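Visitor: I would like to learn how to read a model of this kind. Please take me through the features one at a time.

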Amino acid sequence: MKMNVPLSAPDIGPLERQAVMQVLSGSVLSIGPQLEAFERLVAGYVGVKYAVAVNSGTSGLHLVIRSLGIGEGDEVLTTPFSFVASANCMLFERAKPVFVDIDPLTLNIDVSKIEEKITPKTKAILPVHVFGYPADMREILDLAKKYKLYVIEDACEALGSRYHNKMAGSLGDIGVFAFYPNKQITTGEGGMVVTDRSELADLCRSMRNQGREEGNGWLEHCRLGYNYRMDELSASLGVVQMQRIDEILNKRQAAAEKYSTRLKEFAQVELPYVGPEIKMSWFVYVIRVPDRDRVLQYLRARGVGCQTYFQPIHLQPFYTKMFGCQKGNFPVTEKVASSTLALPFASNLTDEQIDYVVETLAEALN
Ligand SMILES: *Cc1c(COP(=O)(O)O)cnc(C)c1O
């Protein structure tokens, strides 16, 4: 019997619906109390002084690059194994992403290969906590200190993950979360910049709001700004999702454990690695399989939503054109990317759905 299991699904319940309806019955749809409440909840949860909500993770990354003054001619070290926005944010400001290959176990930037890529133009390191797995932040922070570089955490996939018991997003100079519907929590579209540095938070706050400054008039613009504001409907969703975050993350953890228990019997399947220094907040459940493309086609044909997270950024068509990147530039990334397969994953994944995915995968591998 065929079943349709989506690749991801948001966890939206009656409390979320009630909160959004309540905003709709009032007259404040933007710049209101929900935004402030959501920012306070995220700052408190992550353990940082400031949180600035924006309308996407990508907007957040852009504001971070601008707030640090990174621009034309500057270089930022980052990973090619990520969603494209983590490198695009540099291109928005004519800075250059300089890729560093990844560690085959954690799938994060390989810290032993960072130093050789540092030049006088390097301004920052931007690790991505890929699939929710925090990067090797100790080594990254040590290098940043030695060479006076900023550390920007792309924590868009890692809300709630811990590294040596510290929250992802709170470890560098500044971090970014995202709330697209496939993330751990969602606001529809949305993102959040987090930092302990007031001058960076103030700049991001001003630039998300057309360059306005606190205390000045609505039509006074102190700097180049954007409209990257999060509206009250989205923020009200975020408030309820944050109130439920432990419940949501526990359900995701349970779903990941069920997959791992079932799939460890499969000799051809490589399970996601979780090191002792890590507490995972599961964003996706990604396995590695031989003959991945054939397996993916088989699963999709039988209604199992799956995806090839990620296609290396340096091999995206416009990167090969802009920077002359080629196959072979980052062999670990390319090898990993050819075998990764994201299975359906959500906090409300049912046992029947997991059974169906596992059984269909068994058929595909036989
Ligand atoms: C989701 C994501 C983003 C930001 O995504 P938006 O869709 O703009 O919210 C950035 N980086 C990574 C690694 C992501 O997974």
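Visitor: How many residues surround the ligand, and which are the closest?

Guide: First, the ground rules. This is a predicted model, in which local features need pLDDT of at least 70 and side-chain atom pairs count only at pLDDT 80 or more, while totals for chains, interfaces and linings use all residues. Residues are numbered from 1 along each chain as its sequence is written, and side-chain values use heavy atoms, with hydrogens and water left out. A residue is near a molecule if one of its heavy atoms lies within 4 Å of it. Here 13 residues surround the ligand, and the closest are Gly57, Thr58, Asp154, Glu157 and Lys183.

Visitor: What lies 2.5 Å from an oxygen atom of the ligand?

Guide: A polar side-chain atom of Glu157 does. An N or O atom in the side chain of Thr58 is also 2.5 Å from a ligand oxygen atom. For Gly57, a polar backbone atom is 2.8 Å from an oxygen atom of the ligand. Of the 380 Å² of accessible area that the ligand has on its own, the protein covers 92% (Shrake-Rupley method, 1.4 Å probe).

Visitor: In what order do the strands of the open sheet run?

Guide: Two strands pair if DSSP finds at least two bridges between them. The order is β7-β6-β10, with antiparallel pairing. The edge strands, β7 (166–167) and β10 (278–279), each pair on one side only. Strand β6 (residues 162–163) pairs with β10 over 2 bridges, and Arg162 stands opposite Lys279 in β10.

Visitor: Where is the cis peptide bond?

Guide: The cis bond joins Tyr309 and Phe310, with omega about -15 degrees. Phe310 lies in the loop between α9 (292–301) and α10 (317–323).

How values were computed: A polar contact is a pair of N or O atoms within 3.5 Å; within protein, one must be able to donate a hydrogen and the other to accept it, and residues adjacent in sequence count only if both atoms are side-chain atoms. Helices (H or I, at least four residues) and strands (E, at least two) are DSSP runs, numbered from the N terminus.
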